[in-house]
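This report sets out computed properties of one protein chain. The sequence and the coordinates come next.

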Amino acid sequence: MYSEKVMDHFQHPRNVGEIENASGVGTVGNAKCGDIMRMYLDIDDNGIIQDVKFKTFGCGAAVATSSMATELVKGKTIQEAMEVTNKAVMEALDGLPPVKVHCSLLAEEAIHAALWDYAEKHGIKIEGLEKPKSDIHEGEEEEEEEY
């Protein structure tokens with residue numbers, strides 16, 4: 001059901017915790033499944049993500065996607081972090097079962113929410129970044145079953 005990489009990131013998650021005085025903090029949730037992710041970014045003056053941490057309340061796939069998402073953005077520029085999609089997270093984990101695809105969407109949204117917070121705090125606009133939704137299924141109909 002789950003790939004070895006998913007199991008590894010679930011059993012040994014990377015970058016768990018909080019960053020005090022983080023440059024950006026994003027919290028996203030999914031009311032349907034109850035998963036909540038909070039991502040913390042430490043971004044330097046050159047726009048490089050120096051450190052990233054997460055706290056996730058959710059299933060094993062939610063923990064694994066959070067962990068992998070932090071690995072994918074650490075050391076990257078803001079623009080490179082913007083390019084980390086849910087598909088990239090899933091590919092890096094060697095796939096997810098169809099019913100767990102929403103976890104990778106949550107990871108992508110958590111990155112964007114933390115970047116939005118950073119942009120707001122610094123009075124800047126990040127190209128391609130939109131205000132995060134409070135729930136990733138906001139504005140969607142029953143699409144989840146179609147995966």
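What percentage of the 147 residues in the protein chain is buried? Buried residues, meaning those under 20% relative accessible area with a 1.4 Å probe and protein chains only, make up 47% of the 147.

## Basis of the model

The model is predicted: local features need pLDDT of at least 70, side-chain atom pairs count only at pLDDT 80 or more, and totals for chains, interfaces and linings use all residues. Residues are numbered from 1 along each chain as its sequence is written, and side-chain values use heavy atoms, without hydrogens and water.

## Fold and dimensions

Five helices and three strands are found in the protein chain, in the sequence order α-β-β-β-α-α-α-α. These elements are DSSP runs numbered from the N terminus (helices H or I, at least four residues; strands E, at least two). The radius of gyration, taken over C-alpha atoms, is 14 Å, close to the 15 Å given by the globule rule for 147 residues, so the chain is as compact as a globular protein of that length. That rule is 2.2 Å times the number of residues to the power 0.38.

Along its principal axes, the C-alpha trace spans about 40 × 35 × 25 Å.

Strands β1 (residues 24-29) and β2 (residues 36-43) pair in the antiparallel sense over six bridges; pairing requires at least two DSSP bridges between two strands. Val25 stands opposite Tyr40 in β2. Six residues lie between the strands of this hairpin, in which Gly34 takes a positive phi near 85°.

Terms used: Buried < 20%, exposed > 50% of the residue type's maximum accessible area, 1.4 Å probe, protein only.
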